[in-house]
Amino acid sequence: MNLSPKIINLADYTKPNFEVNNVYLDFQLDKTNTIVKNTMQISRLSEGSLVLNGENIDLISVKINNQLLKKEQYRVTNSKLIIKDTPNKFSLEIINTINPSINNALMGLYISDNKFCTQCEAEGFRRVTYYLDRPDVLSKFKVKITANKNDYPYLLANGNMIESGELPKSQHFAVWDDPFPKPAYLFALVAGKFDVLESSFTTMNKRKVLLSIFVDPGLQHQAEFAMRSLKMAMKWDEDNFGREYDLDRFMIVAIRDFNFGAMENKGLNIFNSSVLLADEETTTDLNYERIESIVAHEYFHNWPGNRITCRDWFQLCLKEGFTVFRDQEFSADMRGTSVQRIKDVKRLRKFQFSEDAGPLSHAVRPDSYIKIDNFYTSTVYEKGAEIVRMLKTLLGADHFRAGCDLYFKKLDGLAVTIEDFINCFEEASGKNLDQFLLWYKQSGTPQVHVSYAKNKDKLELNFNQILATNSTGKKKKAQVIPIKWQIIGNEGPISKQRLTIINSLTKTVSIKYPDKDFSISILQDFSAPINLHFEQNIDDTLRLMESDENDFNRWESGQIISRTLISNAAKLIVHNNSPDPGKPLECYTKAIKNSLNNNNLSNAFKTLVLTIPNQNEILNANAKLNPIAVQLACNWLNKEIANSSREELIETYLRLYKNSPAKEGMSSISDRALKNICLFLLASRHDAATKDLAIKQFHEATNMTDELSSLQSLDTLDKELADDAIHLFYNKWKNNPLVLDKWFSLQASRNHKRGLSAIKELTQHESFEITNPNRVRAVLGGFSVENTFIFHNEDGTGYEFFIDQVLKVDRVNPSVASRLLGVFEVVEKLDDHRQNKIKSLLKTIIHANPSNNILEITMKILK
């Protein structure tokens with residue numbers, strides 16, 4: 001057992017001592033014995049031995065300049081091939097074999113449903129062949145693939161196909177050439193039987209690009225939405241960033257067994273089928289949104305990520321944060337700016353703020369890691385996107401675009417750092433951004449306290465940064481924080497929106513004191529990813545909820561009140577006291593009713609107003625809360641909203657009740673969302689009339705959104721009726737893997753009468769596959785994230801079962817296991833009893849010979 005795994009430090013970075021100019025890979029595909037012939041043209045850059053990475057591969061031979069090396073001329077370890085003496089320029093040929101059939105970790109070359117597939121980010125290529133597997137080694141790849149034509153009629157790799165043909169004994173081959181240098185993590189190979197949906201896109205310079213989406217036979221129609229999304233993304237990227245696609249063809253492949261959502265391999269994106277395939281019956285509206293966003297995200301990587309890549313893995317946010325920002329902007333243009341911004345912030349607070357508030361907190365560019373797999377986090381992605389958004393706010397749209405253009409032009413074909421990225425914006429804008437770089441270097445969510453006072457005829461607004469200490473006990477430095485704010489009266493804004501840049505511990509700004517009642521709307525559009533502390537009374541907050549024309553802050557004012565109501569209720573419930581039905585609750589529920597009746601608000605916005613904060617937000621805002629008490633407080637508030645607006649909720653539900661296919665326009669999606677939140681809230685009242693509505697909706701639903709929503713409401717209303725309906729759902733969809741994932745997730749999140757035994761049965765179900773990440777996440781992720789009552793049961797049995805299952809997954813797929821274990825990042829926010837239970841159980845992981853993936857997460861949580 002290794003309790004001192006090797007730590008990789010940013011400060012230890014050194015340039016490679018060799019470069020690989022060209023690579024020719026020749027694959028003879030076989031499920032159990034694939035032969036890889038790897039021929040590299042290599043040049044020396046500095047002194048030292050050639051050290052190539054390699055894992056779980058069998059070396060056959062090594063040649064330099066066609067001369068076979070003797071075994072004493074090189075050394076092989078569990079993870080490296082070391083050649084001490086080499087010329088300054090030479091050809092290196094390595095022949096090795098691999099067994100894809102036993103690769104359950106799904107990194108490198110593996111088998112998924114009789115198809116060959118690769119996943120090489122971050123360090124999977126070393127499971128394919130020996131190579132300088134690091135992102136700052138960029139090479140031009142040519143790939144030949146040979147396989148049985150009957151079993152593998154499609155042979156795909158990066159770039160453009162330049163040759164193909166037939167061979168004896170039912171074999172065939174294809175040769176692919178990628179003219180753009182790339183690191184090994186962007187290499188991709190796929191072989192198998194597919195149906196193909198094809199179309200084309202004409203670029204802004206009139207180049208015709210072939211678009212191909214490869215799916216399982218019989219599912220071609222389920223790729224149509226993804227194809228439309230791809231074309232929209234390609235056009236949007238040209239219009240908004242001037243980025244034109246650069247190869248003759250662009251391919252996407254849907255694979256059932258995949259660790260991530262998708263992978264941006266140059267010219268050959270590989271997608272988890274759950275975020276690509278869609279049709280009216282089997283796909284929810286949220287799934288459609290996610291597919292559109294992820295298709296765009298992976299395509300947008302063609303420049304930041306592919307053409308320009310990371311110098312080292314510490315710079316991961318360089319490609320991911322920038323690309324998340326771009327896909328969020330795309331989604332905002334497709335689905336509505338204000339609503340999309342609220343959804344993005346809700347996700348940020350649920351995942352990234354929780355991460356920043358707990359033991360897994362790390363800087364957007366971390367200083368060290370044990371397993372880079374563990375840093376594909378919300379901090380790198382979502383907080384990284386917020387940093388880019390602030391950069392645009394600080395510089396203005398024109399200077400921001402100029403900086404992006406310079407970045408793409410100046411650094412094309414290079415492996416670069418965050419400093420290189422920021423320097424482009426400094427050069428384009430003429431502004432010094434040294435202090436802004438702290439956003440990449442300091443962990444944690446900045447805390448800003450705001451107060452105001454009247455000084456003669458002026459309104460003075462005081463901003464104060466509260467500096468936390470870092471892991472070494474030193475105080476963090478003040479950051480650059482852009483804050484948008486505005487004065488709001490009873491009829492709307494009474495001042496223009498202002499932008500105040502906080503770049504020191506304190507800052508005071510002043511304007512003429514308003515001559516009428518007012519509230520101050522601060523942090524409009526969530527202009528910085530901070531925790532804002534601003535005391536306003538209930539009347540001031542309600543004024544914003546009623547009159548603020550900034551949609552984000554109008555929504556946020558309701559969230560502020562509801563967070564306080566839930567927190568206070570949870571503290572009473574834990575001591576067996578009833579929540580307080582005082583003025584704040586009365587005013588809040590009245591404001592909710594007014595929003596529901598306001599014809600000037602969109603249905604999408606009303607849905608968000610009716611949705612109370614998630615449990616993580618409540619835990620992050622408090623210390624040592626009982627999570628079950630928090631859930632009971634949430635249930636209480638939902639019921640109070642429903643009691644106050646029962647007639648309006650029923651009227652809205654009945655008016656919107658209709659059966660429309662999930663792929664129709666935004667208005668239909670918004671109608672369904674509002675209709676189903678109305679049903680959900682009404683279900684909290686447990687009345688017979690709502691039960692009838694839910695049953696009717698389940699039996700008449702013609703789309704997956706309505707079908708699942710009715711099941712969730714039925715589960716609140718009547719467990720036995722829900723059991724029957726969920727059984728019907730299972731029999732209807734049991735042969736559809738993606739819908740079956742939804743069934744598993746729903747079952748794992750239910751507060752079953754039989755308690756934990758019902759969850760255990762899911763892991764023993766005939767359709768549960770521990771080797772399939774989607775199925776594992778559906779059950780264990782659904783249980784740990786959504787099933788508060790059973791997972792957080794006071795006796796600790798939920799935690800014990802979960803950790804036992806994570807260890808089982810770890811033996812198969814460490815990457816998936818470590819992501820599951822991240823649910824305990826909130827441990828320090830829980831009550832002492834649960835903290836002690838969790839930490840005691842986590843200590844058993846350390847002594848269970850775990851992978852470095854979950855060992856790193858466990859050690860951080862335990863500090």
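Modeller: A definition to start with: a contact here means heavy atoms within 4.5 Å. This is a predicted model, where local features need pLDDT of at least 70 and side-chain atom pairs count only at pLDDT 80 or more, while totals for chains, interfaces and linings use all residues. Residues are numbered from 1 along each chain as its sequence is written, and side-chain values use heavy atoms, with hydrogens and water left out.

Biologist: Thanks! How many helices and strands does the protein chain have?

Modeller: The protein chain has 27 helices and 32 strands. Both are DSSP runs numbered from the N terminus: H or I with at least four residues for helices, E with at least two for strands.

Biologist: And why call the chain as compact as a globular protein of that length?

Modeller: Its radius of gyration is 28 Å, close to the 29 Å that the globule rule gives for 863 residues, so the chain is as compact as a globular protein of that length. The radius is taken over C-alpha atoms, and the rule is 2.2 Å times the number of residues to the power 0.38. The C-alpha trace spans about 85 × 65 × 60 Å along its principal axes.

Biologist: What percentage of the 863 residues is buried?

Modeller: Buried residues make up 61% of them. Buried means under 20% relative accessible area, exposed over 50% and partly exposed in between, with a 1.4 Å probe and protein chains only.

Biologist: Let's go to α20. Which of its residues are buried?

Modeller: Leu738, Val739, Leu740, Asp741, Lys742, Trp743, Phe744, Leu746, Gln747 and Ala748. With 10 of its 13 residues buried, α20 is largely enclosed by the rest of the structure.

Biologist: What covers those buried residues?

Modeller: The cover includes α2 (285-300), α18 (704-717), α19 (719-733), α21 (756-763) and α22 (773-786).

Biologist: Now α26. Which residues are buried there, and which are exposed?

Modeller: Arg834, Gln835, Ile838, Leu841, Leu842, Ile845 and Ile846 are buried in α26. They cover an arc of only 165° around the axis, which puts them on the same side of α26; that arc is taken from the directions from the helix axis to the C-beta atoms. Asn836 and Lys843, on the other side of α26, are exposed. The buried residues of α26 pack against α14 (627-644), α24 (797-810), α25 (814-821) and α27 (852-862).

Biologist: How many bridges join β25 to β26?

Modeller: Nine, and the two strands run antiparallel. Two strands pair if DSSP finds at least two bridges between them. Asn455 stands opposite Lys458 in β26, and the hairpin has two residues between the strands, where Lys456 takes a positive phi near 60°. β26 also pairs with β30 (residues 506-512) in the antiparallel sense over seven bridges, with Asn462 opposite Thr508.

Biologist: In what order do the eight strands of the open sheet run?

Modeller: The order is β6-β5-β9-β3-β2-β12-β15-β14, with mixed pairing. The edge strands are β6 (67-68) and β14 (160-167), each pairing on one side only. Seven bridges join β14 to β15 (residues 171-182), and these two run antiparallel.

Biologist: Last one: is Thr417 buried or exposed?

Modeller: Thr417 counts as buried because its relative accessibility is 8%. Thr417 sits in the loop between β24 (415-416) and α7 (418-429). Not counting residues up to four places away in sequence, Thr417 touches Arg311, Gln315 and Leu318.
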